[in-house]
Amino acid sequence: MEDNVIKIGPKALMSYCLVINSKVLSGISEMTLKARGSNIQKAVDVSQASINKFLPNYEVKRVSIGTDKFKLPETSNASFKNISWIEITVGMKKSLKDGLR
């Protein structure tokens with residue numbers, strides 16, 4: 001897994017905020033939160049909590065959404081299942097990034 005990718009799952013929201021903070025302290029200026037299905041809401045909450053409470057110099061750079069189709073086993077009535085996903089890229093604000101060079 002890439003250093004700048006955080007996969008959002010069943011852990012508590014603050015656990016992911018701490019991961020983001022530790023990545024910022026280690027020098028990573030941009031990271032991507034990835035979530036699927038019911039964890040999409042948590043990914044949005046994590047990005048906003050991190051930016052609003054801990055990282056005022058950061059902002060949401062990009063948001064990508066989509067749906068993946070997964071083939072189900074033959075025993076199922078349906079042949080495919082749709083799973084929605086989101087990728088939220090959080091990075092340092094442009095004005096600050098330029099000022100650090």
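The model is a predicted one, in which local features need pLDDT of at least 70 and side-chain atom pairs count only at pLDDT 80 or more, while totals for chains, interfaces and linings use all residues. Residues are numbered from 1 along each chain as its sequence is written, and side-chain values use heavy atoms, with hydrogens and water left out. Helices (H or I, at least four residues) and strands (E, at least two) are DSSP runs numbered from the N terminus.

**Strands 3 and 4**

I noted that strand 3 and strand 4 (residues 80–92) run antiparallel and are joined by 13 bridges. Arg62 has Thr89 of strand 4 as its bridge partner.

**Helices on the sheet**

I then checked the packing, taking contact as heavy atoms within 4.5 Å.

**Helix 1**

I compared the span of helix 1 (residues 13–25) with expectation: its 13 residues should span 18 Å at 1.5 Å a residue, and the end C-alpha atoms are 19 Å apart, which agrees. The expected span is 1.5 Å times one less than the number of residues.

I listed Tyr16, Cys17, Ile20, Asn21 and Lys23 as buried in helix 1. Here buried means under 20% relative accessible area, exposed over 50%, and partly exposed in between (1.4 Å probe, protein chains only). The buried residues of helix 1 pack against strand 1 (5–7), strand 2 and helix 2 (40–54). The face turned away from the buried side carries the exposed residues Leu18 and Leu25. Gly27 follows helix 1 and has a positive phi, near 105 degrees.

**Thr32**

I located Thr32 in strand 2 (residues 30–36). Thr32 counts as buried because its relative accessibility is 13%. Leaving out residues up to four places away in sequence, Thr32 touches Asn4, Val5, Ile6, Glu87, Ile88 and Thr89. With Thr89, the contact is also polar, side chain to side chain, at 3.3 Å. A polar contact is a pair of N or O atoms within 3.5 Å; within protein, one must be able to donate a hydrogen and the other to accept it, and residues adjacent in sequence count only if both atoms are side-chain atoms.

Notes. Two strands pair if DSSP finds at least two bridges between them.
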